[in-house]
Amino acid sequence: MRTILVFNEIGGMGTTSEMFARELEFANGEDIEVRINSVGGEVQEGITIYNLLKSYAGNVKVIVDGWAASIASIIALGGDELVMNEGSFIMIHNPWTGMMGEAKDLRQEADLLDLMTNELVNIYVQATGLDEGEIRQMMDEETWLNPTDAIEKGFANSVATFNKVAACVSKDQKTKYFYKNAPMELSEMNQKEVIHNEVAEAELEVQEEALVEEEIEQDQEVEFEDLEVVAAAEEALLEEDLEEELAAIEEEEEESEYFTLEEMELYAAEKLEEEFIRQAEIKALAFKGQEDLVEELIKEKSTIVDAQKRIIQNAKELQLTANREEVEKGDILKKLNSNAPKALDLKESEEETIESLRKLAAKEKNPAAKREIIKKINKLK
C-alpha cells in the first residue's frame, strides 16, 4: 500500500493539488494511505485534492496523525475510511481571507466567502449525515473534534492507539495559526501516549526509500530482460539471413569460379562498407561507460550478435542502467530491434529503393555489375 503524506500547509509552498495528482497517478489505482497533519491552507487547493481522492479508483484510507484543521478537514473526508490517532484533532470553521480595496471589492470578497462556505457545508453534511444548521453552527464556533467527538459526529470511523513517543503542543502554538478556539487539551498532550509526528514521518520516509530502491531494481531487471529478448530475436533473424546469403553465394560460385578485376573491386568496397557498418552498430549499441569494451569488440572483429550479448552482460556487471526516458522514446530498443545490422548514417538516394534497383538491373548489360545490383535488392528485402 502506497502512503501519501500531507504534513504541511495546503497550497502555496506546501502540498498542492498538482503534486497530489502526480502522487495518485504514480499509485496507478492501487490502494493508498493518506496521513494528515496540517493546519489547512488554500480552499480551492483543498477542494481539488478532495475531489481527486473521491474519484480515485483504489481504496483510500485516511489517517489523521495530528491536526486536520480548516481545509485539511475536507481532504480528510475524501477517503473511504477515516482513522484518527489518539490525540489528533479535526477542526472546522468558516473560511476567511485578508485583502485591501474599496467597499465594492470587500463586498465582492464577502460574497465569494459565502459561496465557499456553502460548498464546504455541503461536503460536511454529505460526509457526516448531520443537518445543515448544526454544521453551520459548528463552523461559526470554530469547532475542534477529538477522536471520540469526531466518531460521534460522523466525521471519523475509528480511533487508533499506540504506545510510542509522547508529544505535546505549547500553549503559544494555538495562536500561531490564528485559531481562536483551539482546545486547551493541546497544551497537555504530554500526559497522553501518542505518536510524535516527526517520528512517524521519519519511519515513513525510510519505508518510502526502501520502496523506491526496490522499484529501481525491478525496473533495471525489466530493462535488461527486454534487451536480452530483443538480442535473442535479433540473433535468430541474423542466422536466417546468413543462411540465405551463404546459399546465394554458393549458387554464384557454381556459376563462376573466377572474379574479374571489376568484381574484385566491388567486393572489396562492399567489405569495407560492411566493416564500417559493423563498427558503427557496435558503437551505437553500447551504454555510456563501455568505451573500452567497444574498442575491444571492434579489434576482435566481433559480430553484432556477439557484441550485443557482451554489451548487455557487461552492463549488468557494471550495474549500468539505460535512461528510462531514452527507453520510452525508443532510442535504446530502436538500436537493438532491427532485423539486420544497418549503418546509422546511410545516405541512400531514392534510386536505391527495390523498384529503382530492379529497373537499373534490367538496363545493366555487364553481368558482374548486374549481380551486384541483385545482391543489393536481396539485402533490402
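Reader: What makes the crossing of H4 and H5 right-handed or left-handed in this model?

Author: In this predicted model, the crossing of H4 and H5 is right-handed, the term used where the near helix is turned clockwise from the far one by less than a right angle.

Reader: Which residues make the contact between H4 and H5?

Author: On the side of H4 the contact is made by Thr 117, Asn 118, Leu 120, Val 121, Tyr 124, Val 125 and Thr 128, and on the side of H5 by Glu 132, Ile 135, Arg 136 and Met 139. These residues divide into six nonpolar, three polar and two charged.

Reader: Why is Leu 318 called partly exposed?

Author: Leu 318, in the loop between helix H11 (304-317) and helix H12 (324-329), has a relative accessibility of 48%. Buried means under 20% and exposed over 50%, so Leu 318, lying in between, counts as partly exposed.

Reader: Where does pLDDT stay under 50, and why does that matter for reading the coordinates?

Author: pLDDT stays under 50 over residues 187-197, for which the model has 33 contacts beyond four places in sequence, and over residues 326-333, for which it has nine such contacts. Where pLDDT is low, the predicted coordinates should not be read in detail.

Terms used. Residues are numbered from 1 along each chain as its sequence is written. This is a predicted model: local features need pLDDT of at least 70, side-chain atom pairs count only at pLDDT 80 or more; totals for chains, interfaces and linings use all residues. Side-chain values use heavy atoms; hydrogens and water are left out. pLDDT is the predictor's confidence in each residue, from 0 to 100. Contact means heavy atoms within 4.5 Å. Helices (H or I, at least four residues) and strands (E, at least two) are DSSP runs, numbered from the N terminus. Ala, Val, Leu, Ile, Met, Phe, Trp, Tyr, Cys and Pro count as nonpolar, Asp, Glu, Lys and Arg as charged, and the others, Gly among them, as polar. Buried means under 20% relative accessible area, exposed over 50%, partly exposed in between (1.4 Å probe, protein chains only).
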